[in-house]
Every structure is written in C-alpha cells, then in structure tokens.
Amino acid sequence: MAVMAWFKKERKPRTAPRERLEIPADAWEKCESCGHVDIREKFQKALNVCPECNTHKRFSAEEYVELLTDEGSWRELYADLKSGDPLHFEHYADRLIAAQKKTGASDAIYTGIAKLDARPLHLGVMNFRFMGGSMGSVVGEKIARLARRSADKRIPMVIVCTSGGARMQEGALSLMQMAKTSSAISLMKQAAVPYISILTDPTTGGVSASFAMQGDVILAEPGAVIGFAGQRVIKQTIGQDLPEGFQTAEFLLEKGQIDDVVPRASLRETTSRLLQHMRGAKIKTTAPEAAA
Amino acid sequence: MAIAYALDFEKPLAELERQIEELRRIGDERGIDVNGEIGTLEDKLAIRRGEIYRSLTPMQRVQVARHPRRPYTLDYLSSIFTDFIELHGDRLFRDDPAIVGGWARLNRQSVMVIGHQKGRDTKENIKRNFGMAHPEGYRKALRLMQAATRFHAPIITLIDTPGAYPGLGAEERGQSEALARNILEMSALATPIVSVVIGEGGSGGALALGVADRVLMFENSVYSVISPEGCATILWKDATQRERAADALKLTADDLIRLGLVDEIIPEPLGGAHFDPDAAGEFLRAALIKTVNELNKVRPEKLVRRRHDKYAAMGSYADA
Ligand SMILES: [Zn+2]
C-alpha cells in the first residue's frame with residue numbers, strides 16, 4: 001500500500017475549534033491582496049481563498065488531492081521515482097535533497113489513482129514548493145505513465161498544474177519531457193479517454209507549452225498567472241510595462257485560450273460533472289429540490 | 001575572397017587573414033611575386049583554423065551556431081532541394097515569416113520542408129523577428145505537416161531559433177497552446193519526420209518543430225532548454241557567466257548524443273558551416289537522403305509506434 005503519511009495527516013476535519021477568549025497571535029492570517037485579517041481557520045475553511053476579496057492563495061498539492069478525491073480513495077502511484085543528476089549540474093543534487101526534506105515529496109508531482117464521486121480517476125497534482133514545480137525527468141515520467149495507464153485502462157485523467165517550467169538543471173532532458181508527456185497524452189486522445197487540465201498559479205514555460213494546454217477541457221483558478229514566457233522576460237523583450245491583468249486566468253479566458261475560470265470551491269463539482277459528460281454517463285437523477 | 005572572422009576566438013585567424021590581404025596589396029602595388037609568402041600564410045591559417053575549430057568550447061559552439069553568416073533554412077532550400085514552392089499563412093491570423101515552409105524535392109522525392117528563418121541584416125531580421133516565431137508560425141507549420149501526412153510525403157524540419165517569441169501578441173494568441181499542439185500532433189503524424197538542428201535549438205520553440213523519428217544535429221549546432229545567458233541570469237543573476245552556464249547545460253551535439261536525445265551528428269567543414277556553406281549543404285543532403293530512405297521503408301503505423309516508444313524512453317531517474 002502506498003498511502004502517504006501526509007495523506008492521513010491531512011485527514012483532519014476542516015471545522016473550526018471552539019472559540020476561545022484569547023486568540024494567539026499566530027492564529028491570525030492576513031490577505032496580502034486586500035489586507036483583510038481573519039482567523040487562520042476561516043481562510044482554511046474557505047480553501048485558502050480570501051473571504052473578503054476572493055484572492056486564491058496557494059493551496060498545497062496535498063490539499064488539492066484531498067479536494068478532488070473521495071475520502072480514503074487515493075492511492076499514490078510511482079511514488080518511488082527519484083530524480084538522477086544526469087548532467088552533474090552544480091548544486092542540483094543538494095537542491096533535490098533540500099526540496100525532498102522541505103516537502104516530504106520525492107519530486108514536483110504526486111500521481112495516483114482515486115475515486116471522484118465513486119468513479120475511478122487518475123489524478124496528478126504538481127507541487128510548486130518542490131523546486132518551483134519544475135518539470136524534470138521524474139515529473140515527465142510520472143505524467144507519461146499516468147497518461148498511458150489512462151489510455152490502457154480507460155480511466156480519465158486530471159492534472160492540477162503549477163510550474164515555472166522545465167527544470168534547467170536537467171538540460172535538454174527536461175525539454176524532452178515536453179515531448180514525452182505530449183506523446184503519452186496523444187495516446188489518450190486516440191483512445192478517447194478524457195483529460196482535464198486545471199491551471200493554478202503560476203503555470204508557465206515548458207509545462208504550459210505541453211500537457212497543461214492539452215486538456216480536452218482546460219480550467220483555471222481565478223487570478224492564476226498562466227503563460228509561455230515569464231513576465232520579466234517579456235518586459236525585457238518589448239521594453240515596456242505589461243498591461244494590467246496580463247496573463248491572468250481571466251485574460252486567457254477573454255482571449256479564448258481556456259475553457260473557463262472556476263473558483264476553487266467549485267473545482268471538484270465542475271470536474272466531476274465534466275467527466276460525466278465526457279464519459280457519456282448519465283447524471284444521477286436527484287429528487288427535486290425543496291423551495292428555499 | 002576574405003572571410004570575415006567575426007567571433008572573438010577567431011582573432012588569430014582575422015589577424016592572419018589581414019596579413020595575407022596586406023601582402024597581396026603590396027604585391028599588386030609593387031608588381032612583385034608574393035605567392036610563396038601568401039601560400040605559407042594560408043597554410044598557417046588553415047592549420048590554425050583547424051586547431052581552433054577542433055577544440056571549440058560549448059559557448060564557442062553557441063557563437064558559431066549563432067554566426068550571422070551561418071546558412072539558414074532558405075539557403076539550404078535553394079542549395080540542396082529543388083522545385084521548392086513556399087506556402088504561407090496559418091489561415092487564421094497572418095503569415096509568420098519567422099518560419100518558412102513548403103513543398104520541395106529531395107533527390108526527386110517530394111517532401112515538406114519547414115524551418116525557422118533568421119534574417120541576414122537588420123531589415124530582414126525585423127521581418128523575420130530573428131527567427132523567433134509567433135503562434136501563427138507554429139500553426140502554419142502544423143498545417144503544412146498535416147498536408148504532408150495527407151499526401152504521404154516525408155516531413156523535414158530545420159531548426160534554428162533562439163526560442164518562441166516572448167511578446168504580448170504571442171501570449172494573447174496562445175503561444176503555449178501553439179507549441180503544445182505541435183508537440184502533441186507531431187508525436188502521432190503517420191509519415192516520416194526528420195528534424196535537423198542547423199543552428200540554434202532554442203527550447204520549446206525548437207521542439208515545436210522537432211518531435212521526429214530521427215533528430216540530427218550539425219556538429220556546431222546547439223540544443224538547449226534555455227539560453228546560456230538566460231540560465232546564468234537565473235542561477236547567478238549575471239548574464240556574463242554564460243560560459244559557465246553553457247558548460248553546465250550540456251547543449252552540444254556530442255552531449256545530446258550522449259544523453260540519448262538525438263540520433264546523429266552531421267559534420268561541418270572546418271571553420272564551421274558558414275566557412276563553406278556548399279560543403280555543409282552536401283553533408284546535410286547526404287544525411288537527409290540516407291535517413292529519409294530508411295524511414296520510407298517503415299510502415300507509417302510502425303513509425304508512430306516507434307516514435308511514441310522513443311520519447312517514452314527519454315529521461316533520467318531511479319525507480320527504487
Ligand atoms: Zn483579500
């Protein structure tokens with residue numbers, strides 16, 4: 001069994017503790033966008049979305065797994081894959097170890113099989129805390145294996161993306177992971193097995209220019225920065241400031257580049273409904289809702 | 001004809017070349033025979049050129065790959081292909097001159113040739129955007145590749161770009177999507193695909209023309225996930241450390257062979273492809289004919305299956 005320790009740890013219910021008279025200073029959290037201050041529990045209950053201004057703050061990879069799967073259904077796949085240091089790139093080996101210590105993860109993505117509303121699902125969730133979610137050989141291999149498994153077993157795939165791009169320290173090997181993941185996803189397309197990609201902040205570079213943009217449906221969280229080139233590079237190239245809201249999820253929606261912007265609180269339901277459409281399955285009929 | 005030795009490590013060559021010119025001028029002016037002395041200097045120049053070009057550092061190769069006189073896609077199209085008819089436009093937005101393509105013949109066989117195109121001078125570089133394509137360039141390329149597949153013709157792509165263009169319009173029109181689509185579609189096109197890195201293989205913008213049954217690299221071409229300058233800026237906040245970055249990135253043809261990411265190195269004349277473009281063209285032509293002939297013998301479905309398997313095997317990891 002490959003149930004991860006973090007998974008059990010994350011199983012705490014999301015209910016606020018009883019109000020105490022004294023709230024310790026570290027129990028407060030401030031929204032960096034609007035300055036709103038609230039009890040941390042309140043941010044957490046709102047899936048780390050500011051209750052005041054709707055800013056979607058970072059959500060951990062573990063939390064996305066929890067959000068998008070039925071309780072207790074997640075089984076991690078390919079957890080043992082570990083990155084090599086094929087170029088002997090300076091400090092890469094140390095940085096890998098440091099990232100593994102910091103995150104408790106082996107690399108920048110979790111892949112696994114789970115259930116969503118009682119139906120099987122292959123889920124990949126990238127982890128920005130692991131070297132900026134960069135794609136090296138391990139990320140590429142895990143996604144490629146998951147996609148091939150999806151095509152073989154006819155299980156839909158969802159990938160939650162967040163990445164600064166390819167992992168420079170693996171040189172052209174990291175570049176080729178774009179081709180490797182894409183080639184595996186093309187097998188899913190051929191087999192007509194649905195793939196939904198969910199873009200979270202930020203999704204750029206080699207990841208946005210490969211599997212992130214290959215979903216049958218592409219969803220993005222509000223405010224997420226998504227694009228090929230980094231904003232610093234674009235600014236330098238064109239020699240002028242970027243327009244307000246450039247490369248945000250809303251900008252991409254307006255420009256026709258993604259299917260929809262979906263708030264975190266609706267991600268699970270939207271994903272589930274989309275998969276039911278694409279599976280061709282009937283939505284369970286429910287009793288008419290009582291008038292509120 | 002004097003060759004402009006433009007690169008910093010070519011200074012000894014430029015100096016010898018200057019001495020030869022000087023001698024020749026004096027000989028002409030005074031009507032004396034200096035052929036013996038010139039011959040000696042020319043021998044010396046050839047030897048020195050050989051020494052320098054046989055031991056290029058990675059960053060020096062980057063410089064050769066970017067050489068302003070290096071042959072570009074259109075040069076090869078006129079030198080080693082025949083019956084070329086350029087086709088334009090993505091049918092959606094505009095024609096992107098940073099990528100050129102069309103039908104041509106290689107040794108009498110119809111092929112679709114697509115490549116990045118840099119400009120020779122400022123004016124042409126503005127038009128060609130220094131070989132940095134917008135989404136519409138990649139979409140034109142895909143349109144042509146699909147046409148080639150429909151008519152059972154092999155696809156030959158020539159890669160030579162600093163990267164896909166990082167600009168406002170490019171982002172608005174979906175640079176990521178265009179690259180992602182080409183990479184995905186190329187992995188499954190049921191026709192032979194041969195890609196050749198003829199100069200700079202700059203990251204995703206190169207790969208979006210580079211998913212192929214066989215990937216070849218010219219001896220002095222480079223292929224990298226990021227430019228040495230970009231890498232140095234990110235790692236050490238200092239673009240002048242590009243030598244160190246070029247070493248670390250393992251971006252030469254030898255490196256890529258060793259990493260199992262490309263299949264074959266095409267030799268260049270001593271002094272680089274720009275020193276003798278005709279010779280470089282002959283090497284390219286021979287390699288293409290051999291490779292296309294081999295791929296022509298394989299059934300398309302088998303080609304696609306092998307291509308998927310080839311990319312599936314690329315990576316370096318431990319499976320504990
Ligand atoms: Zn707020």
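Two strands count as paired if DSSP finds at least two bridges between them. With that in hand, take a look at chain B of this predicted model: strand S4 (residues 155-161) and strand S5 (residues 193-202) of chain B pair in the parallel sense, over 6 bridges. One spot where you can see this is B:Ile156, which stands opposite B:Val194 in S5(B).

S5(B) has other partners too. Strand S6 (residues 214-218) of chain B runs parallel to S5(B) and is joined to it by 4 bridges; here B:Ser195 has B:Val215 as its bridge partner. S7(B) also pairs with S5(B) in the parallel sense, this time over 3 bridges, and B:Gly201 stands opposite B:Tyr223 in S7(B). As for cover, 10 of the 10 residues of S5(B) are buried.

Strand S1 (residues 82-86) of chain B is hardly covered: of its 5 residues, the buried count is 0. S1(B) and strand S2 (residues 99-106) of chain B run antiparallel and are joined by 3 bridges. To find the pairing on screen, look for B:Thr82, which sits opposite B:Arg105 in S2(B).

Chain B is divided into domain 1 (8-55) and domain 2 (62-312). Taken over C-alpha atoms, the centres of domain 1 and domain 2 of chain B are 36 Å apart.

## How chains A and B meet

On the chain B side, 43 residues are in contact with 49 residues of chain A. Quite a few elements of chain B each supply at least two residues to that side, including helix H7 (168-172), helix H10 (228-236), helix H14 (300-312) and strand S7 (222-224). The biggest giver is H8(B), with 7 residues. By residue type, the side of chain B that touches chain A splits into 27 nonpolar, 11 polar and 5 charged.

There is strand pairing across the two chains as well. Strand S4 (residues 81-83) of chain A and S9(B) pair in the antiparallel sense over 3 bridges.

## Two loop residues in chain A

Which residues does A:Met168 touch, leaving out those up to four places away in sequence? They are A:Ser174, B:Val225, B:Ile226, B:Cys231 and B:Ile234. A:Met168 itself is found in the loop between strand S7 (157-163) and helix H6 (171-191) of chain A. A:Met168 has 27 other C-beta atoms within 10 Å, so it counts as buried, the cut-off being 20 or more. A:Met135 is 33 residues away along the chain, and the C-alpha atoms of A:Met168 and A:Met135 are separated by 8.8 Å.

Compare that with A:Leu242, in the loop between helix H8 (231-238) and helix H9 (249-254) of chain A. A:Leu242 has 14 other C-beta atoms within 10 Å and is therefore partly exposed. Setting aside neighbours within four places in sequence, A:Leu242 is in contact with A:Gln231, A:Ile234 and A:Lys235. For A:Gln231, 11 residues apart from A:Leu242 along the chain, the C-alpha separation is 7.8 Å.

## Helix H5 of chain A

H5(A) is mostly covered, with 12 of its 17 residues buried. Among the buried ones are A:Val138, A:Val139, A:Ile143 and A:Leu146, and the list also includes A:Glu141 and A:Lys142. Just after H5(A), A:Arg154 takes a positive phi of about 55°.

## Chain A overall, and confidence

Chain A has 10 helices and 11 strands. Of its 292 residues, 45% are buried. Looking at contacts in chain A with a separation of 6 or more, 68% are between residues 24 or more positions apart.

The model scores ipTM 0.96 and pTM 0.93.

Note on methods
Residues are numbered from 1 along each chain as its sequence is written. Chains are lettered from A and ligands numbered from 1 in the order in which they are written. This is a predicted model: local features need pLDDT of at least 70, side-chain atom pairs count only at pLDDT 80 or more; totals for chains, interfaces and linings use all residues. Two residues are in contact if their C-beta atoms, placed from the backbone, lie within 7 Å. Ala, Val, Leu, Ile, Met, Phe, Trp, Tyr, Cys and Pro count as nonpolar, Asp, Glu, Lys and Arg as charged, and the others, Gly among them, as polar. Domain bounds come from an automatic or database domain assignment.
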